[in-house]
Amino acid sequence: MERKNNYKAWLYLAPILIFIFLFTIFPIINTFIISFLKNYNYATGANEGFTFENYGLILGITERIPGVSESKMLDFIRYALPNTLLITFVSVPISVILALVISILLNKIKVLHDLFQTIFFLPYVTNTIAVGMVFAIIFSNTGLFNNIFGLGNVNWVQEGLGSTWGKCMFVLCLYVIWTGLPFKILIFSSALHNIDQQYYDAARIDATPKWKTDLKIVLPLISPQILYITITSFITGFKEYNAIIGLFNRSYTINPNVHDLYTVVYYIYDQIQGTNGTRHLEYAAAGAVVLFVIILIFTLIQMKVAKKRVHY
Amino acid sequence: MKELEITTHLTLIVPGKNRSVKNAEKRDKILHGIFLAIVYIFIIIFAFVVLLPFYYMIAASFMVEDQLNSGAFFPSLANIFETIANNYTHTISNPSFPYGELLLNTLIVGIVTTASSLLVTILSAFAFAKLHFKGKEVLFTIFLATMMIPGEMMAITNFTTMANLGFVSADQNRLQTYLALILPFVSNVFYIYLLRQTFMQIPNELYLASKVDGKSDWQYLWKVMVPLSSSTLITIFIMNFIESWNSYVWPNLVILNDDYNVLSIALRSTTFQVLEHEVWRPVYTQQMAATVLTTVPLLLLFIFFRKYIMRGVERAGIKG
């Protein structure tokens, strides 16, 4: 009986095992290998042996060999990594706090509660590219944002046409916060909803002011969710890419050799896409491994913290 | 009875002018009302900010170009129907934005990805939830571990795989394009995790009962487990479909033949422009009409399946 079940189970698992091996497990190992290959050719698999140079080059440690054709490889350490860190460390705290405030307020109302909950969830299902384009229109030099705030003819999103790196980053962070809110609000709301009424009753008997109840009782009770959300937001923040394409398109500068809006994932895909037909998968792979290490660190922190802090 | 009367007429005198319990209660009620009003005002402001891009997307597609370029908030009502018709017909007649064709490709890729993924997920979730085999825990842990690895790691090799299979090239045919778009997304560990949880909640007694009835595992899975888990299955279907509809990165890498383009790629790469005084000028109102055409089908799906989607995402968050 045991034995029979055994082989049957593997039959049920066969399709997923095939797909997960071909498109998940093998790629992980293979990409790791590619990141250590010199001058890897994706079509033939040809390479010039094992090297650490790909990492050295994208991280700016290895000097560039003179004569190597103009490549974007250095932009990883120059733009991609700093931009990604900036976007993440600016947008995550703001959006977590904002989501907390909105969820706490939302938890206080009964009339129209479901309607507002749905509205706040709406950005989750939308196409990041499409709404990014709407943001670009709102923030164009003759757009709605300048008009409402009477700012005149400021160009926010087109770097070639008067906008700067700083202004682009400002709009980008706003957009990243906007897209990140719905998930956080939904998780916080359901955590707040699950808090036992007795905590509120106890606070009321003690005549605790409402703001104090929120600060001293409610927040600690949902602290596991806050931690979870913060760390997962960091992880998604490190993968930011679609928002940039939506807002700025791929050709956002007059000078095609300046990529000051790169993020790590943007860099990776641009290296796969390549310039003038030459794809640099080895640099993309090295970038992906760096991203993986960053995400791994955050995941480990999350696991450690979750073990300590979860209370049922 | 008498006692009760006394209590109802009792007035607690608090030092100070007019400070009875009644007044205090009244005061509390008013304060609470003010408090609620402030809460609502804030919520409405936040809701306005969240909805603004959606509103403006639609409003902009109802404007004439000059109006949009003056930062207007409302489309002008003069000739509005002509403006709408004009914007939308120009948008869908743009050769780089063949809406029907794009919609068809996006739908086919979305439905086939989702359906095949669902089938594979049901089979594996059943094995993980109800069958016994050696190495089950280890295998499931490996599955879960792959979830924290960024998709970019897979994308690089998957790209070479698809290129070496000949699916990615400028003269790719329809089937090759679809396969390149679908194959890497058939397996999805998170959905297996979600469905396994649901399957595990189904009491084992049902399984034993069906054994007594002489049903095989296969029949039990499709006749009992699947119907009982329909709400989780719908959640998975919708979430998966939305993901596929909105994906940009992978399609952008593997679609080299524009004949088989999908919506989000065409939306971003098409330049809607008109020739004016011998200069090409971008037409943002048409671009916005295109974003409306891309976003609205999903919004409709969301409105119909709101409960399933929100429940699924909620469970996704609680897993952590």
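**Entry 1: α2 and α15 of chain B**

I began with two helices of chain B and found that B:Phe54, B:Met57, B:Ile58, B:Ala60 and B:Ser61 in α2(B) meet B:Thr285, B:Met288, B:Ala289, B:Thr291, B:Val292, B:Thr295 and B:Leu299 in α15(B). Contact here means heavy atoms within 4.5 Å. I sorted the residues of this contact: eight are nonpolar, four polar and no charged. For that sorting, Ala, Val, Leu, Ile, Met, Phe, Trp, Tyr, Cys and Pro count as nonpolar, Asp, Glu, Lys and Arg as charged, and the others, Gly among them, as polar.

Before going on, I noted that this is a predicted model, where local features need pLDDT of at least 70 and side-chain atom pairs count only at pLDDT 80 or more, while totals for chains, interfaces and linings use all residues. Residues are numbered from 1 along each chain as its sequence is written, chains are lettered from A and ligands numbered from 1 in the order in which they are written, and side-chain values use heavy atoms, with hydrogens and water left out.

Next I looked up the geometry. Helix α2 (residues 21-61) of chain B packs against helix α15 (residues 284-304) of chain B at about 130°, with the axes 8 Å apart. That angle makes α2(B) oblique to α15(B). Angles under 35 degrees count as roughly parallel, over 145 as roughly antiparallel, 65 to 115 as roughly perpendicular and the rest as oblique. Axes are lines fitted to C-alpha atoms, for helices over the stretch in contact, and angles run from 0 to 180 degrees between N-to-C directions. I read the crossing of α2(B) and α15(B) as left-handed. A crossing is left-handed if the near helix is turned anticlockwise from the far one by less than a right angle, and right-handed if clockwise.

**Entry 2: chain A overall**

I counted the elements of chain A: 13 helices and zero strands. Helices (H or I, at least four residues) and strands (E, at least two) are DSSP runs, numbered from the N terminus. The C-alpha atoms of chain A fill a box of roughly 80 × 75 × 35 Å along the principal axes.

**Entry 3: two helix pairs in chain A**

I took α5 (residues 128-138) and α7 (residues 165-193) of chain A; their axes come within 11 Å and cross at roughly 135°. So α5(A) is oblique to α7(A). Their crossing is right-handed. A:Thr128, A:Val131, A:Gly132 and A:Phe135 of α5(A) touch A:Tyr175, A:Trp178 and A:Thr179 of α7(A). I sorted these too: four nonpolar, three polar and no charged.

Then I turned to α3 (residues 75-108) and α10 (residues 223-238) of chain A, which pack at about 145° with axes 9 Å apart. This crossing is right-handed. Among the residues that meet are A:Phe89 and A:Val92 in α3(A) and A:Ile229 and A:Phe234 in α10(A). The contact of α3(A) with α10(A) has nine nonpolar residues, five polar and no charged.

**Entry 4: between the chains**

How many residues of chain A are in contact with chain B? I found 93 residues of chain A in contact with 93 residues of chain B. The two chains bury about 8400 Å² between them, 76% of it on carbon and sulfur atoms. Buried area is the accessible area (1.4 Å probe) that two parts lose on being put together, summed over both.

A:Lys8 lies in helix α1 (residues 2-34) of chain A and B:Asp217 in helix α11 (residues 217-228) of chain B, so the pair joins two chains.
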